[in-house]
Amino acid sequence: MKNYLQAFATWSCLAASCSLVIAQEKSVKPGINDSFRDPDPKVFEGRFEVESREVFARRQEIVAACELKPGQVVADIGAGTGLFTRMFAAKVGAEGRVVAVDISQKFLDHVQKTSREAGYKNVEAVRCTDTSTELPPESVDVAFICDTYHHFEFPTKTMTSLQRALKPGGRLFVIDFRREPGKSTEWVMNHVRAGQDVVENEIIQAGFEKARQRDAGLKDNYFVEFIKASKQ
């Protein structure tokens, strides 16, 4: 029985490893980022920065829940039009830094322009790839992913690169749509590939530990805090 259990445990580990490799080598949602390859930032401002969007309506509560401190380095992954990038810049102050990360150079140019116009000199931009955040190792205190995780075509590779980029004890906040059959809208069911349980499992396997569930008054989205796992 002991040998059987050991063999089963070994097989389970191998199966999990194989699943991760497959997830890394094959896009989980081909084409989902096509509309962001060459976007018009002004058009997306009209979609992202409107009261009808839950995370915009609750933006103040979301930022407060992140408990940012002056001097921290924050990475806004999938920054888009820069809504949270600019709000984070105000929180971390002149001694801090916010790195807007996006797959689209047009979005990044827009974020830098609007940040300068708002008086923030502590905003930088990094263009990511489909498989990596392109952030330097141990360079970030806090990472933030809002309504963007479901756009990761290679989530394991992307999250592994983010895990490396976080400093020891660094925090990660993830907000994404609740995908619940019978409850979620048809758009969410068709557009979002996985529910919260799957997302959390993928993030944990990439080297994070779940810290706690956040609230911020969100109903259509979940809000979870993770920390960078300690080295074993």
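The largest pocket has 38 lining residues, and F36, F48, D147, T148 and H151 lie nearest its centre. Two or more lining residues come from each of α2 (41-48), β1 (73-77), α5 (83-92), β2 (97-102), β4 and α8 (186-191). Helices (H or I, at least four residues) and strands (E, at least two) are DSSP runs, numbered from the N terminus. A pocket is an open set of points on a 1 Å grid over the protein atoms alone, where a 1.4 Å probe fits, with protein on both sides within 12 Å along at least five of seven lines; lining residues have an atom within 4 Å of a point.

This is a predicted model: local features need pLDDT of at least 70, side-chain atom pairs need 80 or more, and totals for linings use all residues. Residues are numbered from 1 along each chain, and side-chain values use heavy atoms, without hydrogens or water.

α2 gives the most to this lining: three residues. The lining of the largest pocket holds 17 nonpolar, 13 polar and eight charged residues.

Now take the second largest pocket. Its lining has 16 residues, with F177, R178, T185, V188 and D220 closest to the centre. α3 (54-57) and α8 each supply at least two.

Finally, look at D141, in strand β4 (residues 140-146). A polar atom of its side chain lies 2.8 Å from the backbone nitrogen of V73.

Methods
A polar contact is a pair of N or O atoms within 3.5 Å; within protein, one must be able to donate a hydrogen and the other to accept it, and residues adjacent in sequence count only if both atoms are side-chain atoms. Ala, Val, Leu, Ile, Met, Phe, Trp, Tyr, Cys and Pro count as nonpolar, Asp, Glu, Lys and Arg as charged, and the others, Gly among them, as polar.
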